[in-house]
Amino acid sequence: MGLPISHLLLVTGLVLMLIGMWGVLVHRNILRIIIGFSLFGTGTHIVIVATGYVTGGTAPIIDAALPAGAAGARAVDPIPSALVVTAIVIGFSVTAVMLSYAIRLYAARKTLSIDAFTEQKW
Amino acid sequence: MVEGLLQPLNIFLLGLGGGFLIPLLHRLSKRLPATAFWVSLAGMTLVSGVCLWRLLGGADAFEIRTAGTAPPLAISLRLGLAEGFFAFCVNLAALLGAWQLWPRLRDSYTFLLLFLILVMGINGMIMTRDLFNLFVFLEIVSIGTYGLFGLGQTPAAVAGAFKYIMATVLASSFFLLGAALLYHVTGTLSIDEMVMRRDLIAGPVGLTALVLVLSCLIVELKPFPANGWGLDVYETAPAGVAALVSVGVSAGVFFALFKLMPLFAAHLTLIAFSAAVTFLLSNLVGLRQTNVQRMLGCSSIAQMALLVLALALLLRQGADDALALVVGGLFFSHLFAKAGLFWLAGAVRRERIRDWNVLAAGPSFLLVFCCLLVAIAGLPPFPGFWAKWELVLRLAREGGYAWIAVVLMGSLLEAAYLFRWFGRAIKAGRRDTGGPLSHGRLFPAAACVALLVMGGGVAASAAGITSLWVYTPLAAGGLLVAAEGLPGRAKCGLMLLAVAVLGVWMAQGTGGINGLFATLLLSGGLVIAAAGLYRRDARPGYYPLMAVLLLSIVALLRASTSLEFFFAWELVTLASFFMLALAPAARGVVLQYLLFSLASAFVLLVGLAVAASATGTTSLSSFLAAGPVAAPAFVLIALGCMVKIGVIGVHVWLPAAYARADDDFSAMLSAVVGKVAVFGLFMAAYLATRAEAGLELARIVGWIGMLTTVVAALLALQQADMKRMLAYSSLSQTGYIVTAVALISHLGWVTALYLVANHLMVKGILFLAAAAVIERTGLRRLEACGGLARRMPLTFSVAVIALVSMSGLPPLAGFGGKWLLLSAMMERGWYGPLALGILATLVGLLYMVRFGHAVFLGPLKPERGAVREAPAALLVPQFVLVAGILLLSFFTKLFMDPVSAAIDPQFASTLVWQGMSLELIYAYWNPARAMAGAVGLALVGAVVLWLSYRIGRRPSQSGGLARFFRYYRPLLAPVLASHAERFWDAVSVVFGAAAGAARRVYGGNGQTYAIQVLAYVLVLYFFVVAYPLLQSR
Amino acid sequence: MKRIRAAIVVLLFGAAFAGLAVGYSERTVPSALAMRYLQEVPAELGAANVVTGILITYRGFDTLGEVAVLFMVAASVGMLLSAGAGRRAVPAGASAPPARPPSELVVNGAEVVLPVAFLFGAYVIVNGHLSAGGGFQGGAVVASGVVLLVLARPSVALHHGFLSVTESLAGVFYVALGILGLIFAGGFLDSHILPRGEFGAFISAGAIPLISALLGIKVAAELSVIIDRFRS
């Protein structure tokens, strides 16, 4: 058995974060930058979910497949999952706000290049 | 029921419930949202206020469990004393801010709900005890801010908002990741439990998690250089929103950092270092800003950095007991002063600093503006002053001098740009581009001033001010402000009465040298202040400030602790600064005056702090027992006083200020205010007698004093402007006093006091005489006057008496003074300074002759035929001073006995003094020997100069004294080309250039800012994770 | 130049993340806190889905905050875009190419999928305490249905007033339920105000299903509003 599954997930999340970061830092187009942020956020969420994995665990829902007594032994950590729900909603919210600002910026300058918005400096 | 309503949880219910209700109410009626908004906001403020009140009354901290379950299972919140203080302050500021922003907010109910939930979010950041919940509140605050940025309509505002979003989204993503990873390593999200298990936070995962959380908080506080996005928003957002970001959001983030500090215990130095860099460089960058809000942004960032710096340093040295005063005071000061200034900027609506002259139009605006500036600069009586005092004291106790230097250097830079702004704001006469200013919009900023004053009182008692009399100057000033409607002379009379009564009452508590100075300066001050009666105009602000100035001087002399002393010292500085600023001519030089004064005060502050840490108390009388450890304190106090005296090298501010102040105020500055620093020098010398190391240094001070005397005399000779000449002459005479103090012998000190008295009266007379000449002729140039003796005989005669007394010619007081000094120098074997003294006497003779001759003698210019004698209001004070000179000259014993008695006990143990009375000394030292020698040499020199002039001048030219001086002035010019002025100009250029270079990092591109933020995180990562790891390998 | 700097930063972060990945070790047993949740959520709250139990009750304060975030975003997106639209001088019809009609696949697909999507969303919302799902998830499903709807019928106008009242009311009720918890149970947002019921039954787990439903309604309404704002 090679890498544990959570490791794989963790690395995926981290790589996604790096890709998002690259997008944020390099692309000129504001929409692409926002996509970068989205990727970055999604990567974070994947990392969080990955850290909640417990070897051999299943979803923390008590039903026929996972009786209450066995929950401790066979369930994954429910906390990161709970956190990530909140984090996803917040990530969505931030993306929505950024997109509306992108529209405002476009309305102001008729361009979406981030280099066009540098008059405030020094 | 009432009990239930006043629980802290209701802050959230009000914020959220109110927020959710607003759209519903909007459907019912257009007015209801506003009502709901104000009820909720006021309710939140009320609840936090009542809770804080109960906590102050000794109640236990409020612990709130959500879901009825204890942490770590459920989220819990806490409202302790610190939380209550921060929450209440923020809510109060939000309430005032909403008032200020109301015309914009009411445009859309969206803004109302955003504002409300944002404020609730800040409360949440302050109260929550759960790490992830902290993230949620951080996001509520961020989203609320992003939404409120929508109030800004310009493209620049939208662009600024977007850059802000980019940076803060990165930061909060890191927080999220860090929090989740911290849960992974510690198994809890409860902050309290996490702190207990902080040993588990180790290894690459734990430390990375820690650094991610830390860097989010630091980045949110906008560290240099990764803070361009913050500045852009401060510049472009509406002032009310910028204020909310500057004080509200930052307060929440700062409190989060404060709460998590135990986790970062191992990295306090790193945090302090980052904060120190930000504090220094943000203030440096502030120097070059031209936009008001951007400059306030620099100051805001710097102030938050100062808070973090103070927090980290105090925690590092385990001084938790000082946190309340230092952090609380700095926070309160920043919160209300900065918010107030942003709101004022919003009310004035002038973007550029240079357009701010509009303030000259409205006195109430100006008053509020000044108070807020003073509060931000950390000057009394506002909380920042007491907090900085305590901070410096604590740092000195642990030997943290580098940190002290950072704090004071940054404060000085901050004062530089803030008061430069003040200088622009009071420039009158330019075209006003906007409409009239409504006073209703001033209310929030004025409320800030009121709060700051109250906070100052609380902080003062926390800092150890127990006696109420220290506030007498301010109280008197405040009362006189209430009487501003009266005519000028009535106000002057009232002021004299108040100063006389209160001054005498306060001076009761003084004795020894302090008592002598108090008597001398109070009576001299009253006499010279009475000359103000010659002005008929209202002089708004002048008389209240005069009362503050004179009474602060008395308070300074009565001070029994170094804190009282420093408080009064700063009040003297401030009062004289603002009085100087009242003169339109002086507005170009006030900044220089303030900066040198502040620099002097800061050096003094460090000296006092060192002394306090050496003796373990702030009591001035304990300096007696200080011992050699206090030697650095002596050096620093002396240095501070010498800057304030204006010894050669740091004198550049003095002539400009003296020359350009109001004519009667110049007399006050030179005769009375300048003596305060001399008293400080006395104190330093006094300390030096206890710390043996000081004695060698005294010799250097003696040299400096005599050099000042000579160079200032030469410069005086060069001047064409009569007040400028008197200013240099004043400096020159003060140089004698410095040397006399530095002698640290009984004779030296008697001399010093004698010279102080003489100089006070002489310079009082001469500046008033100059005032009279300017009043009657409007002339200031020496060469333009002439022959006035016939028109103004009384002025002429008092001036002659003063000149004779100053020059040291027998039989007047100056002779005794100079003779005593020369003897004392002989006694100590200081032959070098002695020679300089003789040279100075010669040069002094020359410029005094020139002054008398140019103004009063020679031919009267025909157009001056109608000039009348000076007004009685100017003459009477001069006569009183002349009477003083005569008394001092012919009844020396009257003065010398108390002086000798006051000094005696201080030398009884340390220096050889045989208890001889003054007559004995006179008899013992042959007066003829020293003085006749000196005056004789000086006269010989004068004759030689005259002869060489007669020989050297071309035969075609006619003679005359005026030509004699014109012959020598160019001769002296190359020698005297002021290196000091060039040096200080260069210093200011260097700082300006450094500021220009530092702000190049703010390229304006959002992506660059994002790179900077990420790089900052990497640097922190390197120091927290990578470097220790590499080291351990 | 910027690219090089960006590359350096990303590489260094890559190194830091590599350290993270190497140092990370998978848990073999849940943390003590997780164990408590796994036991107490079914036992105390009566919810089979532990994650929902945590979200709605124990970390209900977070959830309320997150609802507030969504609420603020819905409001500010509307404000930002309407302010932006007011400043847009270009007439929409003149320069923009005429909108393409939606493809047949979308139109017909919507006919079939929409009812199912809405139904599924409702199911996910109300069964959050029993099986995978909950208010947010279900709300998101419903909102995706709305996306499909507006794609299929560009002319359809969502009733913003109705949605806004719905989201506000849901929010107000949520806070009110929290207050009821404060008064009748152990604390703010305590779900014990209603009987725990029989474990695994549809009506059980105290107030959790109720809150879940409110959340679902609120999230669905807010997401729809946000999406619709961008459309206009």
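Two residues are taken to be in contact if their C-beta atoms, placed from the backbone, lie within 7 Å. The structure shown is a predicted model, in which local features need a pLDDT of at least 70 and side-chain atom pairs count only at pLDDT 80 or more, while totals for chains, interfaces and linings use all residues. Residues are numbered from 1 along each chain as its sequence is written, and chains are lettered from A and ligands numbered from 1 in the order in which they are written.

**View 1. Chain B as a whole.** The secondary structure of chain B comes to 41 helices and 2 strands, where helices (H or I, at least four residues) and strands (E, at least two) are DSSP runs numbered from the N terminus. Chain B has a radius of gyration of 32 Å, close to the 31 Å that the globule rule gives for 1033 residues, so it is as compact as a globular protein of that length; the radius is taken over C-alpha atoms, and the rule is 2.2 Å times the number of residues to the power 0.38. Along its principal axes, the C-alpha trace of chain B spans about 100 × 60 × 55 Å. Among contacts in chain B between residues at least 6 apart in sequence, 82% join residues at least 24 apart. Of its 1033 residues, 64% count as buried, a term that requires 20 or more other C-beta atoms within 10 Å of a residue's own, with 12 or fewer making it exposed, anything in between partly exposed, and C-beta atoms placed from the backbone.

**View 2. Helix H26 of chain B and its surroundings.** Helix H26 (residues 653-660) of chain B is mostly covered, with 8 of its 8 residues buried. These buried residues of H26(B) include Trp653(B), Leu654(B), Tyr658(B) and Arg660(B). They pack against helix H23 (562-582), helix H24 (590-615), helix H27 (663-690) and helix H29 (722-742) of chain B.

View 3. Most residues other than glycine have a negative phi, and most peptide bonds are trans. The peptide bond from Phe224(B) to Pro225(B), however, is cis, with omega near 0 degrees, and Pro225(B) lies in the loop between helix H9 (203-220) and helix H10 (228-236) of chain B. That loop between H9 and H10 of chain B also holds Lys222(B), whose phi is positive, near 65 degrees, and which counts as buried with 30 C-beta neighbours inside 10 Å. Another cis peptide bond joins Pro380(B) and Pro381(B), with omega about 5 degrees; Pro381(B) is in the loop between helix H15 (363-376) and helix H16 (383-397) of chain B. In chain A, Lys110(A) has a positive phi near 60 degrees and is found in the segment after helix H4 (78-109), where Lys110(A) is exposed, with 10 other C-beta atoms within 10 Å.

**View 4. A helix pair formed by chains A and B.** The axes of helix H2 (residues 30-51) of chain A and helix H7 (residues 155-186) of chain B come within 9 Å and cross at roughly 5 degrees, the axes being lines fitted to C-alpha atoms, for helices over the stretch in contact, with angles running from 0 to 180 degrees between N-to-C directions. H2(A) and H7(B) are therefore roughly parallel to each other, as angles under 35 degrees count as roughly parallel, over 145 as roughly antiparallel, 65 to 115 as roughly perpendicular and the rest as oblique. Residues making this contact include Phe37(A), Phe40(A) and Ile48(A) of H2(A) together with Leu176(B), Leu177(B) and His184(B) of H7(B). By class, the contact of H2(A) with H7(B) has 9 nonpolar, 5 polar and no charged residues; Ala, Val, Leu, Ile, Met, Phe, Trp, Tyr, Cys and Pro count as nonpolar, Asp, Glu, Lys and Arg as charged, and the others, Gly among them, as polar.

View 5. The contact between chains C and A takes 48 residues from chain C and 41 residues from chain A. On the side of chain C that touches chain A, H4(C) gives the most, with 12 residues, and the classes there come to 31 nonpolar, 9 polar and 8 charged residues. Towards chain B, the contact takes 52 residues from chain C and 47 residues from chain B. H4(C) again gives the most to this side, with 17 residues, and by class the side has 30 nonpolar, 15 polar and 7 charged residues.

**View 6. Confidence in the model and in chain C.** The model scores ipTM 0.97 and pTM 0.93. Chain C averages a pLDDT of 84, and 92% of its residues score at least 70, pLDDT being the predictor's confidence in each residue, from 0 to 100. Among the elements of chain C, helix H5 (residues 92-95) has the lowest mean pLDDT (46) and H1(C) the highest (92). Over residues 86-94 of chain C the pLDDT is below 50, and beyond near neighbours in sequence this stretch has 3 contacts in the model. Where pLDDT is low, the predicted coordinates should not be read in detail.
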